[in-house]
Amino acid sequence: MAELSALSAVAEISTARALALLRQRLDELEGLPETTTNGSPEFKEWHERTGATLRRLEMDDARSKFSVVRWSPMVFGLGDDHTRAFQQSFRSGRGEAVAILKGAIFELEEFSDEPDQEAVQAAAVLTHDEQRRVEALVRQLRQLEEDGQLADDPEDRAEAVAEIETIEAQLRSPRPKRSIVRAALSSLGGIVHDALGAAAGAGMVVGIQEIVHLLGG
């Protein structure tokens with residue numbers, strides 16, 4: 001039930017935003033100096049922000065655990081170093097809070113149906129290896145063009161050159177789009193097959209098809 005409640009609240013905020021908030025609270029906690037105690041202004045502000053974040057996200061389980069974390073010693077013995085005792089308690093409490101926040105982050109990452117936008121964006125862009133393979137193929141296609149073998153029909157040749165230029169433009173981009181490169185290569189595969197014939201163009205066509213398949217085609 002706690003997981004469903006959290007995911008319901010996140011649906012209003014977005015998983016990406018909720019994860020960003022939790023990671024920010026975690027970074028803030030881990031960035032507090034070792035000499036911090038529960039009485040410092042920095043800690044009080046962080047504690048209030050973290051409680052508000054868990055409350056807004058309706059992460060009831062994490063919020064319940066967070067509320068009982070002890071940040072100061074319960075008792076002192078005679079002759080105890082009070083400063084050291086407070087620092088040790090704070091370190092212990094920080095360890096518990098880190099585990100709670102990491103658990104909340106794991107819950108959202110594992111159980112949310114919302115796609116990870118960073119992963120989606122990364123999947124839409126050519127990897128370094130894909131880009132390298134496409135560049136090598138484009139060089140071969142440009143050589144065919146220079147040798148006059150790309151296509152006999154002027155319209156086919158113009159279409160092929162336009163597709164090659166489309167791919168080259170993407171390769172110059174800092175984020176070359178996989179879908180655009182794949183579509184251009186698919187079109188080129190048909191043109192090259194018709195221009196060179198089934199036998200002569202087989203190797204090039206297979207090379208194009210392999211990369212189209214690599215790119216998700």
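In what order do the elements of the protein run from the N terminus on? They run α-α-α-α-α-α-α-α-α-α.

**Figure 1. Overview of the predicted model.** The model is predicted: local features need pLDDT of at least 70, side-chain atom pairs count only at pLDDT 80 or more, and totals for chains, interfaces and linings use all residues. Residues are numbered from 1 along each chain as its sequence is written, and side-chain values use heavy atoms, with hydrogens and water left out. The secondary structure comes to 10 helices and 0 strands; helices (H or I, at least four residues) and strands (E, at least two) are DSSP runs, numbered from the N terminus. Of the 217 residues, 36% count as buried, where buried means under 20% relative accessible area, exposed over 50%, and partly exposed in between (1.4 Å probe, protein chains only). The protein exposes about 12,600 Å², and carbon and sulfur atoms supply 51% of this area; accessible areas come from the Shrake-Rupley method with a 1.4 Å probe, and for residues only the protein chains shown count as cover. Among contacts (heavy atoms within 4.5 Å) with a separation of 6 or more, 72% join residues 24 or more positions apart.

**Figure 2. The largest nonpolar core.** This core has 25 residues, and L141, L150, I167, L185 and I208 have the most contacts inside it. A nonpolar core is a set of buried Ala, Val, Leu, Ile, Met, Phe, Trp, Tyr and Cys residues joined through side-chain atoms within 4.5 Å. Two or more residues each come from α7 (128-146), α8 (154-172), α9 (178-200) and α10 (202-214), and α9 gives the most, with 6 residues. Another core, of 23 residues, lies apart from it and includes L19, F43, F66 and W71.

**Figure 3. L185 in helix α9.** L185 is found in α9 and counts as buried, at 0% relative accessibility. Leaving aside neighbours within four places in sequence, L185 is in contact with L137, I167, I208, I211, V212 and L215. The C-alpha atoms of L185 and I164 are 8.1 Å apart, for a sequence separation of 21 residues.

**Figure 4. Packing of α7 and α8.** The two helices pack at an angle of about 150°, with their axes 11 Å apart. Axes are lines fitted to C-alpha atoms, for helices over the stretch in contact, and angles run from 0 to 180 degrees between N-to-C directions. The crossing of α7 and α8 is left-handed, that is, the near helix is turned anticlockwise from the far one by less than a right angle. Residues making the contact include V134, V138 and L141 of α7 and V161, I164 and I167 of α8. The contact residues divide into 7 nonpolar, 1 polar and 5 charged; Ala, Val, Leu, Ile, Met, Phe, Trp, Tyr, Cys and Pro count as nonpolar, Asp, Glu, Lys and Arg as charged, and the others, Gly among them, as polar.

**Figure 5. E130 in helix α7.** E130 is found in α7 and is buried, with a relative accessible area of 7%. Beyond its neighbours within four places in sequence, E130 is in contact with V125, R178, L214 and L215.

**Figure 6. E58 in the loop between α3 and α4.** E58 lies between α3 (41-56) and α4 (60-67). Although not a glycine, E58 has a positive phi of about 55°. E58 counts as partly exposed, at 34% relative accessibility.

**Figure 7. Q87 in helix α5.** Q87 has its place in α5 (residues 82-111). Leaving aside neighbours within four places in sequence, Q87 is in contact with T35 and T37. The C-alpha atoms of Q87 and T35 are separated by 6.4 Å, with the two residues 52 residues apart along the chain.
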